[in-house]
Each structure stands twice: as C-alpha cells, then as structure tokens.
Amino acid sequence: MPFIRTSVHKDTTPAQRQAIVNGIHQALIDGIGMPADELFNMVDDYDEQKFFFSRTFNGYQRSDRVVVVEITMRRGRSDAMKRALYANIAANLEKDAGVAPCDVFIFTHENDYSDWSVGGGKFAMAIAQQVGPDA
C-alpha cells in the first residue's frame with residue numbers, strides 16, 4: 001500500500017488537484033499493480049516563500065508550479081517498474097491535469113511490511129499484500 005504526499009502550488013484549483021491525485025493513482029495501478037482501493041494521497045500546498053527549487057536542474061526548464069510526488073511504499077519493485085511508474089505519472093498529469101512533464105518531480109521511500117500499520121493498530125505483516133507484476 002503506497003502512501004503518497006503530493007505538494008502543489010497554493011493556486012492549484014480543486015479540479016486540477018483531483019486530476020493530479022487521480023493521475024498518480026492510476027499510474028500506481030498500471031505501473032506496480034496496486035489495487036484500486038488503495039488510495040492514500042495527502043495533498044499539501046506551497047507558495048513561493050515555502051518551496052525553493054532550481055528551475056534548470058538536470059537540464060529541465062521548470063515553471064513556478066512544480067508538482068512534487070513523494071511515494072512511500074514497500075521495498076521490492078524493480079527499476080523497470082519504477083521507470084514505468086514515473087513515466088505514467090508524468091504522462092497522466094500532463095494529459096489529465098495540464099501539468100508539464102518538466103514540472104513533475106517524483107521520489108520514493110521504500111520500507112518493509114513491518115514498517116506499516118494500515119488500520120486498527122494492527123501490524124501490517126499480518127495482512128496479505130498484493131504484489132505487482134514485474135516489468
């Protein structure tokens with residue numbers, strides 16, 4: 001069960017926020033085989049005084065409306081799966097939310113089953129987890 005934190009510019013409209021969340025969610029379903037009901041995405045706002053970033057890092061030309069996608073998930077996805085996931089997120093956000101691919105910044109944190117409790121205070125290792133297909 002990935003947990004997502006998405007940071008968007010404070011002026012992002014509610015409709016665009018929803019499209020961003022939906023695009024990330026669909027990419028997780030398609031890219032790592034995440035079940036559709038595993039939607040956990042906390043959206044935060046930033047403004048120019050709270051988020052400082054390079055507009056040209058690594059050769060990309062970024063606007064002032066970068067979307068930061070932070071994914072915490074269980075360890076074990078291959079590099080190929082992550083590559084497809086990142087590409088799908090950028091494509092979905094461009095198509096559905098009008099976010100330029102250069103403005104999509106993604107990173108992951110990986111951990112183990114023992115690092116999760118997803119409800120009821122129960123140790124997540126006791127719950128059967130789905131494993132996505134290896135690409």
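Reader: In this predicted model, does Phe-53 count as buried, partly exposed or exposed?

Author: The structure is a predicted model. Buried means under 20% relative accessible area and exposed over 50%. The relative accessibility of Phe-53 is 25%, so Phe-53 counts as partly exposed.

Reader: Which class describes the aromatic pair of Phe-51 and Phe-53: stacked, tilted or edge-to-face?

Author: A search of the whole structure finds three aromatic pairs. In the pair of Phe-51 and Phe-53, the ring centres are 4.8 Å apart and the planes lie at 35°. Planes under 30 degrees apart count as stacked and over 60 as edge-to-face. The pair is therefore tilted.

Reader: What is the angle between the ring planes of Phe-105 and Phe-107?

Author: Phe-105 is partly exposed at 39% relative accessibility, and Phe-107 is partly exposed at 30%. Their rings form an edge-to-face pair with a centre-to-centre distance of 6.2 Å. The angle between the planes is 65°.

Reader: With which side chain does the side chain of Thr-12 make a polar contact?

Author: Thr-12 lies in the loop between β1 (3-9) and α1 (14-32), and its relative accessibility of 8% means that Thr-12 counts as buried. Beyond its neighbours within four places in sequence, Thr-12 is in contact with Arg-17, Ile-20 and Arg-65. The polar contact, at 3.5 Å, is with the side chain of Arg-65.

Reader: How far apart are the end C-alpha atoms of α1?

Author: The helix α1 has 19 residues, and at 1.5 Å a residue these should span 27 Å. The model agrees with that expectation, because the end C-alpha atoms are apart by 27 Å.

Terms used:
Residues numbered from 1 in each chain as written. Predicted model: local features only at pLDDT ≥ 70, side-chain atom pairs only at ≥ 80, totals over all residues. Heavy atoms only, no water. Helix = DSSP H or I, 4+ residues; strand = E, 2+ residues; numbered from the N terminus. Buried < 20%, exposed > 50% of the residue type's maximum accessible area, 1.4 Å probe, protein only. Polar contact = N/O pair within 3.5 Å; in protein donor to acceptor, adjacent residues only side chain to side chain. Contact = heavy atoms within 4.5 Å. Expected span 1.5 Å × (residues − 1). Phe/Tyr/Trp six-rings, centres within 6.5 Å; stacked < 30°, edge-to-face > 60°.
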